[in-house]
Amino acid sequence: MSLHTNLHPVLKGPDNLPRKVETKLLQGPILHRPALGEVSNRGVSLRGPKAPLKPLEVSKRRPILTKPAKPRKSLQGVPRVCGKENGRQAVANVEKAEEQMDVEEVATVEELSIAFSTQCLDVEDIDADDGENPQLVSEYVNEIYKYMRELEARSRVRPRYLEGQLVTGKMRTILTDWLVQVHLRFMLLQETLYLTVAIIDRYLQTERTVSRNKLQLVGVTAMFIASKYEEMYCPEIGDFAYITDKVYTKMEIRKMEVHILTKLDFNVSYPLPLHFLRRNSKAGSVDAAQHTLAKYLMELCLPEYCMCHYMPSIIAGAALCLSLKLLDGSPWTDTLMYYSCYTEEQLMPVMCKMAAIVVKSTTTKQQAVRQKYKAIKQMKISDIPQLQSATLKKLAEKTTLT
């Protein structure tokens, strides 16, 4: 005997008798496909058209719930409440939050408009005539300086990084003033001096256990490393041992060199204020006196502990802006603002500190930088009467060197 299994359920009517069920086949559109199929970008539905619903079935359908539109931003701080009064309060909070987001969006649009307003400035292309000189790399010089600004942001010195150490800011000032004399004695490049101070600051903020009797060893070793990096003919290690009156031996300098480079991960490629000053001076078409005065202002900042945390680009911009203001009152033009990436308002706090340093330099014990710029080679720029003007003193009164 064979068993017949019916997979289809039997539908019964109201009188509990089986009733007939009409089955309709819904056939989709007839497609004329070639041998390899339909070759087109048109999407074809695999299901046929929907059967029309009867009025009774339409009335019994469940209502379609539409998803609410997602807000543009997440509404934080709006509590979920129930009830009429609480619901009204929630709606009021939502409307208030949306108004706040609209205000923030308007502010963002205004910031973007300010950022892109440089296209409307009167900016001169200072690299237009440098295409024939391959050493000036006019094709990608702007990208180079953009990378240097990113690099200086990654390798910044922390403000007041000597707090809690045996070495103080006054000791750093004395060491830097002595290194200026050593740099002048060895007739090294300007970049070597700036790189020396940069290495010292970054090492001291990493190694916090340097004793006072090792600070001079750190200074000469940093200059030894900077000379290897910048100079074509580096002084011998014996010269640096001799300049310390043979307090430290050549072996101690070598050991300290390895220790400093290890702490710095062998990274001594830092952007310097001189790099940005040369670019700014080209953008401003300044003369020799304005450029030399800006260098003097920057070098006066090297021994100052309160200035070591400022980025090199803002030091260079403030020095040139103050130099132009003191010598002939030249404005900070759109071209200078574009290539330096700073407005005069952004540079003003640093300019005031520089003015205070100039006023202080006439009475301080550390006179190496002033004596250096009294030479004819430096145009005797430290003795010009503009450094005693009322404009400089007025700027110096707006800040303190703390």
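## Aromatic pairs

The structure holds 6 aromatic pairs. Rings of Phe, Tyr and Trp (for Trp, its six-membered ring) pair if their centres lie within 6.5 Å, with planes under 30 degrees apart counted as stacked, over 60 as edge-to-face and the rest as tilted. The rings of Y338 and Y339 have centres 5.0 Å apart and planes at 90°, so this pair is edge-to-face. Y338 is partly exposed, at a relative accessible area of 39%, whereas Y339 is buried, at 8%. Here buried means under 20% relative accessible area, exposed over 50%, and partly exposed in between (1.4 Å probe, protein chains only). Ring pairs also link F186, F224 and F240 into a cluster.

## Model and overall fold

This is a predicted model, in which local features need pLDDT of at least 70 and side-chain atom pairs count only at pLDDT 80 or more, while totals for chains, interfaces and linings use all residues. Residues are numbered from 1 along each chain as its sequence is written, and side-chain values use heavy atoms, with hydrogens and water left out.

The chain has 15 helices and 0 strands. Helices (H or I, at least four residues) and strands (E, at least two) are DSSP runs, numbered from the N terminus. Of the 402 residues of the chain, 38% count as buried. Among contacts between residues at least 6 apart in sequence, 74% join residues at least 24 apart; contact means heavy atoms within 4.5 Å.

## Helices α5 and α9

The axes of helix α5 (residues 190–204) and helix α9 (residues 273–284) come within 9 Å and cross at roughly 130°. Axes are lines fitted to C-alpha atoms, for helices over the stretch in contact, and angles run from 0 to 180 degrees between N-to-C directions. α5 and α9 are therefore oblique to each other. On this scale, angles under 35 degrees count as roughly parallel, over 145 as roughly antiparallel, 65 to 115 as roughly perpendicular and the rest as oblique.

On the α5 side the contact is made by Q190, E191 and Y194, and on the α9 side by P273, L274, H275 and R278. By class, the contact of α5 with α9 has 3 nonpolar, 2 polar and 2 charged residues. Ala, Val, Leu, Ile, Met, Phe, Trp, Tyr, Cys and Pro count as nonpolar, Asp, Glu, Lys and Arg as charged, and the others, Gly among them, as polar.

Most residues other than glycine have a negative phi. D265, although not a glycine, has a positive phi of about 55°, and F266, likewise not a glycine, has a positive phi of about 60°. D265 is exposed, with a relative accessible area of 64%; F266 also counts as exposed, at 59%.

## E304 and its contacts

E304 sits in the loop between α10 (288–301) and α11 (312–327). This residue is buried, at a relative accessible area of 12%. Leaving aside neighbours within four places in sequence, E304 is in contact with R172, I357 and K360. The side chains of E304 and K360 are joined by a polar contact of 3.2 Å. A polar contact is a pair of N or O atoms within 3.5 Å; within protein, one must be able to donate a hydrogen and the other to accept it, and residues adjacent in sequence count only if both atoms are side-chain atoms.

## Q371 in α14

Q371 lies in helix α14 (residues 368–372) and counts as partly exposed, at 48% relative accessibility. Q371 and S382 are 11 residues apart in sequence and 8.0 Å apart in space, C-alpha to C-alpha.
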